[in-house]
There are 2 protein chains.
Amino acid sequence: MASEGSGGLAERVAAGVLQEIDERNLAVGDGLPTVRNLAERFGVTPPTVREALRRLQATDAVRLRHGSGVYVGPGAWRTVLPNPNSVPVRGEQVLHLVEARLAIEPGIAGLAARHRTEEQLGRLAEAVEHATRERVPAGRNFHRELAAASGNPVLFEVIDSLLTARREEQRALRRRIRDRGRDHDQHRAIFEAVRDRSPAEAEELTRTHLAELRADTAASLDTTEGKHR
Amino acid sequence: MASEGSGGLAERVAAGVLQEIDERNLAVGDGLPTVRNLAERFGVTPPTVREALRRLQATDAVRLRHGSGVYVGPGAWRTVLPNPNSVPVRGEQVLHLVEARLAIEPGIAGLAARHRTEEQLGRLAEAVEHATRERVPAGRNFHRELAAASGNPVLFEVIDSLLTARREEQRALRRRIRDRGRDHDQHRAIFEAVRDRSPAEAEELTRTHLAELRADTAASLDTTEGKHR
DNA sequence: ACGTCACCATTGAACTAGTCACTTGCTCAC
DNA sequence: GTGAGCAAGTGACTAGTTCAATGGTGACGT
């Protein structure tokens with residue numbers, strides 16, 4: 001009796017849940033009805049609802065907390081996502097990842113220097129400070145905040161996806177190849193260019209920063225894979 | 001009895017399936033074991049396997065064909081994906097989408113002019129010709145081939161994601177605002193710059209091409225939403 | 001000998017019914 | 001007031017079964 005949409009039942013339920021999130025203007029963290037409730041609401045059984053929720057969970061559109069409930073996640077409104085299914089990856093791909101950032105991020109830095117707000121600048125400053133103080137991972141947060149300061153959420157999502165993808169491989173690589181000091185100095189320089197609204201300078205600093213990262217990555221790959229190639 | 005990994009059973013099964021795809025060097029289109037087979041192999045029941053497969057289906061890592069079997073999809077090795085759950089979107093986001101492309105694609109055109117192979121050039125030429133001949137959507141294929149010619153699969157995935165996301169909204173917009181003739185001329189000009197290995201020219205032509213698209217999109221949004229804002 | 005079509009085994013899709021395990025909040029003893 | 005513990009609610013998973021789509025196989029007609 002149900003409307004014969006396209007695709008399976010689970011897909012239609014997923015679309016329905018998403019539609020409800022949109023119509024009721026639910027925000028991230030808000031709770032959804034229980035699985036059983038959704039099941040009878042859509043005229044299907046719990047396992048089918050679970051399939052639909054798994055599909056939405058893959059893109060972080062919903063979050064399932066065992067024993068608690070189903071909640072809205074931040075992935076519902078994104079246009080581009082990192083692949084949540086990390087297949088082990090060839091070293092060559094890590095290099096492609098860095099080169100993609102080298103192609104994209106300088107322009108973003110330029111946009112950030114032009115369109116940043118005071119609040120975004122503050123968050124960027126905090127990222128620089130935090131990394132200097134704590135001596136932790138550093139890079140990830142800085143580059144995310146830089147992308148956020150561009151004012152374009154889609155660009156932020158792209159950079160966020162590139163930084164998230166293959167995070168573990170990147171971490172393993174960077175652990176042995178980079179001295180953090182230079183990273184921090186370069187980050188600070190980029191920050192200052194953004195603060196002073198100097199697009200060209202921010203762009204160029206970001207380009208050299210990532211070019212060095214690429215060179216280090218390539219060098220590391222040579223020494224790592226050189227023996228069996 | 002199973003190893004207490006992290007997350008639910010379905011998540012572990014999904015990881016296991018993915019691992020098997022990787023270990024057995026399966027290619028896109030290859031068939032996977034049946035649901036029942038996978039179920040007993042992982043020591044779970046069919047519904048749980050189905051949940052895992054739904055999760056993988058969301059990113060196009062596997063494809064389920066009713067009555068036939070489960071097959072490997074192209075999404076298993078991607079690093080960035082378009083959001084498969086299209087929530088209706090505000091017009092402002094469409095503008096952000098175009099502006100993101102404006103920030104990213106010129107650099108890609110430059111890379112394509114530098115690193116293109118003859119085969120990639122041929123595919124790009126075919127995209128231009130096909131659009132001119134058939135008078136069909138055009139843009140999508142051209143920009144995809146252009147990104148492919150950059151030689152960086154990650155950049156291709158980024159552009160592909162931006163073109164896929166909100167495809168219907170973009171189509172609806174472009175239908176009324178663009179005369180295809182100018183699009184084709186500009187595409188052809190970009191193609192010639194790539195063919196002649198002129199990075200700077202390819203970059204600049206792409207920039208103006210997308211800048212015009214952005215302007216048209218912005219104008220269209222004004223007339224569309226102007227009345228109720 | 002060759003092509004066409006009906007048939008059927010295989011396989012995914014979904015349901016029903018039920019058990020298990022985790023979370024949370026409330027109650028009650030201290 | 002505070003903490004331990006109980007109990008209701010909820011998601012996670014199982015087991016067995018029915019339905020529907022696919023794709024190959026073999027009979028049939030040409």
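**Helix packing, chain contact and DNA surfaces**

In helix 4 of chain B, the residues B:Glu105, B:Ile108, B:Ala109 and B:Ala112 meet B:His143, B:Leu146, B:Ala147 and B:Ala149 of helix 6 of chain B. By class, this contact comprises six nonpolar residues, one polar residue and one charged residue. The model under discussion is a predicted one.

The geometry of this pair can be stated with two values. The axes of helix 4 and helix 6 of chain B come within 7 Å and cross at roughly 55 degrees. The two helices of chain B, helix 4 and helix 6, are therefore oblique to each other. The crossing in which helix 4 of chain B passes helix 6 of chain B is left-handed.

Helix 6 of chain B covers residues 139-149 and is mostly covered, with eight of its eleven residues buried. Those buried residues are B:Gly139, B:Phe142, B:His143, B:Glu145, B:Leu146, B:Ala147, B:Ala148 and B:Ala149. After helix 6 of chain B comes B:Gly151, which has a positive phi near 85 degrees.

Helix 4 of chain B also packs against helix 7 of chain B. Helix 4 spans residues 91-115 and helix 7 spans residues 153-164 of chain B; their axes come within 11 Å and cross at roughly 155 degrees. Because angles over 145 degrees count as roughly antiparallel, helix 4 and helix 7 of chain B are roughly antiparallel to each other. Their crossing is left-handed. On the side of helix 4 of chain B, the contact is made by B:Leu97, B:Ala100, B:Arg101, B:Ile104, B:Glu105 and B:Ile108, and on the side of helix 7 of chain B by B:Leu155, B:Val158, B:Ile159 and B:Leu162. The residues of this contact divide into eight nonpolar, no polar and two charged. B:Glu105 and B:Ile108 take part both in the contact with helix 6 of chain B and in the contact with helix 7 of chain B.

The description now turns to chain A. Chain A has ten helices and three strands, and along its sequence these follow the pattern α-α-α-β-β-β-α-α-α-α-α-α-α. Of its 229 residues, 41% count as buried. Among contacts in chain A between residues at least 6 apart in sequence, 69% join residues at least 24 apart.

The two protein chains touch each other through 44 residues of chain A and 44 residues of chain B. On the side of chain A that touches chain B, helix 1, helix 3, strand 3 (80-82), helix 4 (91-115) and helix 7 (153-164) of chain A each supply at least two residues. Helix 4 of chain A gives the most to this side, with nine residues. By class, the side of chain A that touches chain B has 27 nonpolar, nine polar and eight charged residues.

One helix pair between the chains is formed by helix 3 of chain A and helix 3 of chain B, which pack at an angle of about 35 degrees with their axes 8 Å apart. The crossing of these two helices is right-handed. From helix 3 of chain A, A:Pro47, A:Arg50, A:Glu51, A:Arg54, A:Arg55, A:Gln57 and A:Ala58 meet B:Pro47, B:Arg50, B:Glu51, B:Arg54, B:Arg55, B:Gln57 and B:Ala58 of helix 3 of chain B. The contact between these helices has four nonpolar, two polar and eight charged residues.

B:Pro47 counts as partly exposed because it has 16 C-beta neighbours inside 10 Å. Its C-alpha atom is separated by 45 Å from that of B:Leu124, a residue 77 positions away along the chain.

DNA strand C is surrounded by 22 residues, of which A:Gly8, A:Leu9, A:Thr48, A:Gly67 and B:Thr34 are the closest. The surface near DNA strand C divides into ten nonpolar, ten polar and two charged residues.

Around DNA strand D there are 22 residues, and A:Thr34, B:Gly8, B:Leu9, B:Thr48 and B:Gly67 come nearest. The largest share of the surface near DNA strand D, three residues, comes from helix 3 of chain A. The surface near DNA strand D has nine nonpolar, ten polar and three charged residues.

Notes: Residues are numbered from 1 along each chain as its sequence is written. Chains are lettered from A and ligands numbered from 1 in the order in which they are written. This is a predicted model: local features need pLDDT of at least 70, side-chain atom pairs count only at pLDDT 80 or more; totals for chains, interfaces and linings use all residues. Axes are lines fitted to C-alpha atoms, for helices over the stretch in contact, and angles run from 0 to 180 degrees between N-to-C directions. Helices (H or I, at least four residues) and strands (E, at least two) are DSSP runs, numbered from the N terminus. Angles under 35 degrees count as roughly parallel, over 145 as roughly antiparallel, 65 to 115 as roughly perpendicular and the rest as oblique. A crossing is left-handed if the near helix is turned anticlockwise from the far one by less than a right angle, and right-handed if clockwise. Two residues are in contact if their C-beta atoms, placed from the backbone, lie within 7 Å. Ala, Val, Leu, Ile, Met, Phe, Trp, Tyr, Cys and Pro count as nonpolar, Asp, Glu, Lys and Arg as charged, and the others, Gly among them, as polar. A residue is buried if 20 or more other C-beta atoms lie within 10 Å of its own, exposed if 12 or fewer, and partly exposed in between; C-beta atoms are placed from the backbone. A residue is near a molecule or strand if its C-beta atom, placed from the backbone, lies within 6 Å of it.
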